[in-house]
Every structure is written in C-alpha cells, then in structure tokens.
Amino acid sequence: MAPWQWIILEGERFIMADLKNLVFIHSTGSTDYRDKSQIERLRKKLDLAHVVTLHQVHSANIILAEEWKKGEKREGDGLITATSGLGVGVLTADCLPLLLFTSQVIALLHVGWRGLKEGIVSRAIEYIKSLDNSYTEINTMFGPRIRECCYQVGQDMINELAETLPTEVVEKGIKRRRGGRLFFSLGDAVTSLLKSVGVKGKIYDLYLCTCCSGYFPSYRRKGEAASRFVSLAWKKQG
Ligand SMILES: [Zn+2]
C-alpha cells in the first residue's frame with residue numbers, strides 16, 4: 001500500500017504520506033532548506049507550533065525534540081518525540097531520511113553510511129522502546145535517498161561498515177555489477193538491520209532515487225552546488 005501523494009503548498013511541490021497518527025513530507029525542487037528562514041516559512045505554512053532541526057554531523061546522536069530550546073543549535077542526526085504537533089526535520093541530498101514510529105512515538109533519522117556504521121538505527125529502536133513501553137510494532141518509512149541504481153561505492157566504505165554491522169546486513173546492502181563495480185542499497189541494509197534486531201512492523205518505501213529521479217537535490221549529481229531538501233514529520237493531534 002502506498003500512502004504517498006503529491007501536494008502543492010504555495011507553488012512548491014511536496015510528497016506527503018498522511019497516516020492515521022502522523023504526517024511525513026518531503027520538499028522537492030530548488031528551495032535550499034539549509035536556510036533556516038525557509039524552515040520557518042514552511043512551519044507557518046503547515047501551521048506547526050515548532051519545527052526542530054539539528055546541526056547534522058553523520059553521528060548516532062539522537063535528541064529528544066521536547067528538550068530543544070528556541071535558538072539553540074544542537075549537533076545530532078536523529079530526533080525523537082512523543083508530542084503531537086511538534087515537527088522534526090532532517091535535511092538531505094542523497095542520505096536517507098528514515099522515519100521509525102509507533103502509535104505513540106516518532107523518530108526521524110538522517111542516515112548516511114557513516115551514521116549507519118555508528119549505529120544510529122539500532123540506537124533509535126532502543127530509544128523508541130524506552131519512550132513507548134506499550135508498543136506492539138515499530139513501523140518504518142523510507143524517504144527519498146540515493147538508491148542502488150546510482151550509489152556506487154568503494155570497497156573501503158564496505159570495509160568500514162563491516163567493522164560494526166552484522167555481516168548479513170552489509171551483504172544485503174551490496175549490489176555487485178559487471179566489472180566488479182559495487183553499488184549499495186541503504187534501504188536493503190536498513191531493512192536487514194531492523195530484522196536482525198527483531199523489529200516487526202509495516203514498511204513503507206517511496207522508492208525514489210534522489211540522484212536520478214530529478215525531483216530532489218543530489219550531492220552525487222551536483223556536488224558542492226547541491227542544495228538540501230527537508231523531510232519533516234509530526235504526530236497528529238488527538
Ligand atoms: Zn538512481
């Protein structure tokens with residue numbers, strides 16, 4: 001089942017998943033959301049009380065959004081919240097915006113290979129369990145990221161991942177092509193990782209590649225000139 005739909009907010013196109021208890025949207029196009037005033041503009045458009053973003057550093061740090069104070073700059077790559085109407089956002093241009101959620105808690109992560117290596121996904125699972133002890137399943141939504149069609153990697157990256165991740169997780173991620181070229185699927189690696197830590201729940205995937213779909217900024221395609229799109233999630237009221 002695909003919950004995604006295109007929406008237009010004041011001329012800007014977004015892809016939105018509107019579920020029973022939460023909304024997860026992604027900007028597209030040329031707006032660069034590294035500019036904080038763009039986040040503020042979007043917050044007003046969406047009528048959210050707050051939107052929390054972090055200074056992202058490819059770490060496994062996850063921050064409770066409720067602890068965020070206005071004007072504060074915190075380093076981290078994951079935000080978790082149990083509060084309705086409190087928006088959490090990550091900025092990406094090829095890395096994976098990953099939403100994990102129960103009926104009570106949502107966690108939004110910025111997952112690149114470094115964050116994956118540092119253990120951000122398993123840490124988020126533990127954090128969710130500590131905040132919601134009545135959970136029965138933990139569901140997953142994969143946002144737009146560079147997919148295995150375009151994500152050519154080197155053996156050195158694979159070796160680094162293998163230092164901390166289970167072998168089967170790394171193997172699931174690797175896609176071998178002619179000439180010994182290696183490509184990597186963050187989606188397949190994360191799915192395998194969730195399975196390895198016993199997570200049960202629904203998985204929703206947008207299946208859009210930032211590099212070749214043409215809808216999103218892509219570091220691989222544009223290099224330093226790439227802007228960043230925002231992925232934003234919030235729990236609904238009630
Ligand atoms: Zn692609």
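Two residues are taken to be in contact if their C-beta atoms, placed from the backbone, lie within 7 Å. On this criterion, and with residues up to four places away in sequence left out of account, Leu 108 of the predicted model touches Gly 78, Leu 79, Val 88, Val 90, Pro 97, Leu 99, Ser 231 and Ala 233. Leu 108 also belongs to the largest nonpolar core, which comprises 61 residues and in which Leu 99, Ala 107, Leu 108, Val 111 and Ala 124 have the most contacts.

The strand β9, residues 106-111, has six of its six residues buried, so it is largely enclosed by the rest of the structure. In a regular strand the side chains alternate between the two faces of the sheet. In β9 both faces are covered, with Ile 106, Leu 108 and His 110 buried on one side and Ala 107, Leu 109 and Val 111 buried on the other.

Within the sheet, β9 pairs with strand β6 (residues 78-81) in the antiparallel sense over four bridges, and in this pairing Leu 108 is the bridge partner of Leu 79. Strand β8 (residues 96-101) likewise pairs with β9 in the antiparallel sense, over six bridges, with Pro 97 standing opposite His 110; a hairpin of four residues joins β8 to β9.

The pairing continues from β8 to strand β10 (residues 139-142), to which β8 is joined by four bridges in an antiparallel arrangement, Asn 139 being the bridge partner of Phe 101. Strand β10 is in turn joined by three bridges to strand β14 (residues 203-205), and these two strands run parallel, with Thr 140 opposite Ile 203.

Technical notes
Residues numbered from 1 in each chain as written. Predicted model: local features only at pLDDT ≥ 70, side-chain atom pairs only at ≥ 80, totals over all residues. Core = buried A, V, L, I, M, F, W, Y, C linked by C-beta atoms within 7 Å. Buried ≥ 20, exposed ≤ 12 C-beta atoms within 10 Å, placed from the backbone. Pairing = 2+ DSSP bridges.
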